[in-house]
Amino acid sequence: MDQRPTARPRCGSGSEASWRVASLRRVTALADLPLLASGKVRDMYELGDRLLMVASDRISTYDVVHPTPIPDKGKVLTALSVFWFEQTDAIVPNHLLSTTEDVPGEARGRALAVRRLEMLPVECVVRGYLTGSGWKDYQSSGAVAGITLPEGLRDSEQLPEPIFTPSTKADVGHDETIDFDRAAEIVGDRAVMDQLRDLSIALYSHAAEHAASRGVILADTKFEFGRDADGVLRVGDEVLTPDSSRFWPADTYEVGRPQPSFDKQYVRDWAAGTGWDKKPPAPAIPDDVVAGTRARYVEAYEKITGEAFDAWLARVAVA
Ligand code: Q0Z
């Protein structure tokens, strides 16, 4: 069991002798925590009755993870998630507990201590623009997730209003878009599904408006919700990051064609030039493409938050 103290003195504060402070503030190494789940680019550890979510520097294109990490990618995504959790706390509470307390030094900046939730079994997708699978579905049926859209919409066009297009949580392969009724069946409660839709659209609308004011289009995004030990509905997982959303630079946006991805376009363009068939294994990424991609992630953070990325690193640094 977790025998670490729940409250620790801050280094340099209080009157304890420094040897005592040092012994009490020693934290567990990541390797000593039980690994609960590993995604393509993230890992989840048990932290007593809470969880530690760790974003890695791994990057995937065309659903395949490259062997080369993008330095600081995990920290940028974690920092962005925290920015949005703070921004949207009044819309819906979230699972964030701490960015520092009980976060091992080696994981600082890329990890969050979060409440354990009972996750609801649907993905809550909101689309403000017609792209990706939404664009495909519209072209073949005129509808997305059972929502009939106006005729004549073009690739990447803004929708008259944001739409809620839930999907299944597939263990392997791709999530499948479902209509609202099917989502309500899976969740088992239509009123809860109404709540998830309203919260998802409110979160998206808030974030899209903020992003627009900073020259970034939030085309679409995905949320995951769950209930805490008291039954309170909270948004979990990561929110409004480039891995859970499509961000487009507003200054080069053009309707009628696919938009370049803010973060991954350098890697995709380079990969296309190599003749890689998009099947595993993904090729190693050359240094200049790594550097360009890292710069894009940092730029996205700074553009959206208005804060230097270094300020995030300083805020979470081990005291
Ligand atoms: C998140 C995932 C990751 C692999 C479950 N607060 C929570 N409570 C309970 N479960 C989750 C959360 Cl966020 C939960 N995932 C997605 C994240 C690695 C899978 F870091 N699955």
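**Helix packing**

Mentor: Helix 2 and helix 8 (residues 309–316) pack with their axes 11 Å apart, at an angle of about 85 degrees. The model is predicted, so that local features need pLDDT of at least 70 and side-chain atom pairs count only at pLDDT 80 or more, while totals for chains, interfaces and linings use all residues. Residues are numbered from 1 along each chain as its sequence is written, and side-chain values use heavy atoms, with hydrogens and water left out.

Trainee: How are two packed helices described?

Mentor: Two packed helices are described by the angle between their axes and the distance between the axes. Helices (H or I, at least four residues) and strands (E, at least two) are DSSP runs, numbered from the N terminus. Axes are lines fitted to C-alpha atoms, for helices over the stretch in contact, and angles run from 0 to 180 degrees between N-to-C directions. Angles under 35 degrees count as roughly parallel, over 145 as roughly antiparallel, 65 to 115 as roughly perpendicular and the rest as oblique. Helix 2 and helix 8 are therefore roughly perpendicular to each other.

Trainee: Which residues of helix 2 and helix 8 make the contact?

Mentor: Contact means heavy atoms within 4.5 Å. Helix 2 contributes Lys75, Val76, Thr78, Ala79 and Val82, and helix 8 contributes Phe309, Trp312 and Leu313. By class, this contact of helix 2 with helix 8 has six nonpolar residues, one polar and one charged. In that scheme Ala, Val, Leu, Ile, Met, Phe, Trp, Tyr, Cys and Pro count as nonpolar, Asp, Glu, Lys and Arg as charged, and the others, Gly among them, as polar.

Trainee: At what angle do helix 4 and helix 5 pack?

Mentor: Helix 4 (residues 180–187) and helix 5 (residues 190–213) pack at about 120 degrees, and their axes are 8 Å apart. Helix 4 and helix 5 are therefore oblique to each other. The residues in contact are Phe180, Asp181, Ala183, Ala184 and Val187 from helix 4, with Arg190, Val192, Met193, Asp194 and Arg197 from helix 5. These residues of helix 4 and helix 5 divide into six nonpolar, no polar and four charged.

**Burial**

Trainee: Is Trp84 buried or exposed?

Mentor: Buried means under 20% relative accessible area, exposed over 50%, and partly exposed in between (1.4 Å probe, protein chains only). Trp84, in helix 2, is buried, with a relative accessible area of 0%. Not counting residues up to four places away in sequence, Trp84 touches His206, Ala207, His210, Val239, Leu240 and Ile304.

Trainee: Which residues does Ser81 contact?

Mentor: Ser81 is also placed in helix 2 (residues 73–88), and Ser81 is buried at a relative accessible area of 2%. Leaving aside neighbours within four places in sequence, Ser81 is in contact with Glu238, Val239 and Thr241.

**Salt bridges**

Trainee: How many salt bridges does a search of the whole structure find?

Mentor: A salt bridge is a side-chain nitrogen of Lys or Arg within 4 Å of a carboxyl oxygen of Asp or Glu. The search of the whole structure finds 24 salt bridges. One of them joins Glu299 and Arg296, with the closest N and O atoms 3.3 Å apart.

Trainee: Why are Glu299 and Arg296 separated by about one helical turn?

Mentor: The two are separated by about one helical turn because Glu299 and Arg296 are three residues apart in helix 7 (residues 287–305). Glu299 is partly exposed, at a relative accessible area of 32%.

Trainee: What is the N to O distance in the salt bridge of Glu307 and Arg315?

Mentor: The side chains of Glu307 and Arg315 meet at 2.8 Å, N to O. Glu307 is partly exposed at 22% relative accessibility, and Arg315 is partly exposed at 44%. Salt bridges that share partners also join Arg42, Asp237 and Glu238 into one network.

**Backbone geometry**

Trainee: Which peptide bond is cis?

Mentor: The bond from Pro280 to Pro281 is cis, with omega near 0 degrees. Pro281 lies in the loop between helix 6 (265–274) and helix 7.

Trainee: What is the phi of Asp102?

Mentor: Phi of Asp102 is near 70 degrees, a positive value in a residue other than glycine. Asp102 lies in the loop between strand 6 (96–98) and strand 7 (111–115), and Asp102 counts as buried at 6% relative accessibility.
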